[in-house]
Amino acid sequence: MICLGEVLYSTSTGIALKTRKPLILTARIAEIDLEIFDRLRNAHFPSERNFLRAHLTMFHRLPGEHLERIVGELQAAATKRDQIRAQAASVRHLGAGVAFTIRSLELEDLYAELKRAFMPWLGGQDMQRWQPHITIQNRVSRSAADTLHRQLTHDFKPRSLRLEGLDLWRYLGGPWQLERAVCFEISALRTAPLAGSAAIVDDHR
């Protein structure tokens with residue numbers, strides 16, 4: 001499939017799948033584990049573009065017109081799982097920034113299950129090989145990225161983290177708005193409160 005503006009086009013079926021309400025799916029990192037990535041992001045992400053907390057994107061563009069079907073798939077997948085253990089395994093150079101590579105067989109299994117469910121809707125970016133990561137710097141000069149990459153690589157030690165659930169965000173042409181949240185081990189879906197939710201802008205997810 002390829003993505004053209006607001007149109008998802010399936011090269012296998014030849015059917016154009018339009019969405020005017022794109023959704024983004026992230027894995028929710030436990031607060032205690034997220035804090036260190038937030039501190040690094042606040043220190044190294046360009047301040048004029050840093051409107052969001054650190055995050056781990058799983059799917060970049062799902063059709064909001066099928067919200068309830070998507071939520072159903074998330075709920076079905078989440079109720080079969082305990083909280084997921086993962087590891088920040090290495091420092092990754094993005095060219096214009098730096099991220100931490102995330103490793104977890106459990107997370108990869110979950111991603112594969114959801115990708116099968118979402119396959120008819122996936123565009124070009126989500127059809128590529130998934131490389132889970134948490135971005136803490138982006139849209140900087142190559143030299144700035146080189147410097148931070150050297151610093152973080154020199155001091156790096158693998159770090160464990162816990163994933164508590166899945167968050168579904170509505171893409172608003174730049175900002176994101178938290179739409180729904182599903183917790184592992186909890187079958188009941190809750191609607192995420194909008195008050196206090198961060199509006200975040202598109203970045204290198």
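A residue counts as buried when its relative accessible area is under 20%, as exposed when over 50%, and as partly exposed in between, using a 1.4 Å probe and protein chains only. By this rule His 60 is buried, with a relative accessible area of 11%. The structure is a predicted model, in which local features need pLDDT of at least 70 and side-chain atom pairs count only at pLDDT 80 or more, while totals for chains, interfaces and linings use all residues. Residues are numbered from 1 along each chain as its sequence is written, and side-chain values use heavy atoms, without hydrogens and water.

**The chain as a whole**

- The protein chain contains five helices and eleven strands; these are DSSP runs numbered from the N terminus, with helices (H or I) of at least four residues and strands (E) of at least two.
- Of the 205 residues in the protein chain, 47% are buried.
- The accessible surface of the protein chain is about 10200 Å², and carbon and sulfur atoms account for 52% of that surface; accessible areas come from the Shrake-Rupley method with a 1.4 Å probe.
- Contact means heavy atoms within 4.5 Å. Of the contacts in the protein chain between residues at least 6 apart in sequence, 73% join residues at least 24 apart.

**Packing of helices H2 and H3**

- Two packed helices are described by the angle between their axes and the distance between the axes.
- Helix H2 (residues 67–78) packs with helix H3 (residues 105–118) at an angle of about 150°, and their axes are 11 Å apart. H2 is therefore roughly antiparallel to H3, as angles under 35 degrees count as roughly parallel, over 145 as roughly antiparallel, 65 to 115 as roughly perpendicular and the rest as oblique.
- H2 contributes Ile 70, Glu 73, Leu 74 and Ala 77 to the contact, and H3 contributes Leu 110, Glu 113, Leu 114, Ala 117 and Phe 118.
- These residues of the contact of H2 with H3 comprise seven nonpolar, no polar and two charged. Ala, Val, Leu, Ile, Met, Phe, Trp, Tyr, Cys and Pro count as nonpolar, Asp, Glu, Lys and Arg as charged, and the others, Gly among them, as polar.

- His 60 belongs to strand E5 (residues 56–63). Although His 60 and Gln 125 are 65 residues apart in sequence, their C-alpha atoms are 7.2 Å apart in space.
- Asn 50 lies in the loop between helix H1 (31–44) and E5, and Asn 50 is buried, with a relative accessible area of 16%.
- Apart from its neighbours within four places in sequence, Asn 50 is in contact with Arg 41, Asn 42 and Phe 45.
- Asn 50 and Asn 138 are 88 residues apart along the chain, with 9.5 Å between their C-alpha atoms.

Key
Axes fitted to C-alpha atoms, helices over the stretch in contact; angles between N-to-C directions.
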